[in-house]
Amino acid sequence: ENECKQLLSAMCLREEDADDEYLANYYDTNMSMLNHGGLTLVSRHFFNWGKSTMQYIRDAFTVDDIQQAPKNCFKNGKKRVLQSIS
């Protein structure tokens, strides 16, 4: 449990702790305008991994999947994502 907390802590960054380089390279202007405080950002070390992971999930699970199989869409999407890992 402690290791999970440490990993999660390493993945997170508060906006107030972000330096100018992070803000310029990783913090989308649209997100900064929507942020009214309390937003937790993905730390620099995990940013590209997180971005790639989210893109893979978006590609593996789409609106078409929901429309074609609404009862099983989440189970099917999860299966596709997890199969790609192994």
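## What "buried" means here

A residue counts as buried when its relative accessible area is under 20%, and as exposed when that value is over 50%. Keep those cut-offs in mind while looking at this model, which is a predicted one.

Let's start with α6, which runs through residues 73-85 and has 13 residues. From first C-alpha to last, α6 reaches 19 Å, close to the 18 Å expected at 1.5 Å a residue. Its buried residues fall within an arc of 60° when you look down the axis, so they line one face of the helix. Which residues of α6 are buried? They are C73, G77 and V81.

What do the buried residues of α6 pack against? Their partners are α4 and α5, the latter spanning 63-68.

Now over to α4, which covers residues 44-60 and includes Y56. Y56 has a relative accessibility of 36%, so it counts as partly exposed. Together with M54 and I57, Y56 makes a nonpolar surface patch of about 260 Å².

## E3 in helix α1

Last stop: E3, which sits in α1, the helix of residues 2-11. Is E3 buried or exposed? Its relative accessibility is 66%, so E3 counts as exposed.

For a sense of distance, take E3 and G50, which are 47 residues apart along the chain. Their C-alpha atoms are separated by 19 Å.

Terms used:
Residues are numbered from 1 along each chain as its sequence is written. This is a predicted model: local features need pLDDT of at least 70, side-chain atom pairs count only at pLDDT 80 or more; totals for chains, interfaces and linings use all residues. Side-chain values use heavy atoms; hydrogens and water are left out. Patches are made of residues with over 30% relative accessible area and no salt bridge: like charges are joined within 9 Å, nonpolar side chains (Val, Leu, Ile, Met, Phe, Trp, Tyr) within 5 Å. Accessible areas come from the Shrake-Rupley method with a 1.4 Å probe; for residues, only the protein chains shown count as cover. A salt bridge is a side-chain nitrogen of Lys or Arg within 4 Å of a carboxyl oxygen of Asp or Glu. Helices (H or I, at least four residues) and strands (E, at least two) are DSSP runs, numbered from the N terminus. Buried means under 20% relative accessible area, exposed over 50%, partly exposed in between (1.4 Å probe, protein chains only). The expected span of a helix is 1.5 Å times one less than its number of residues. The arc is that of the directions from the helix axis to the C-beta atoms. Contact means heavy atoms within 4.5 Å.
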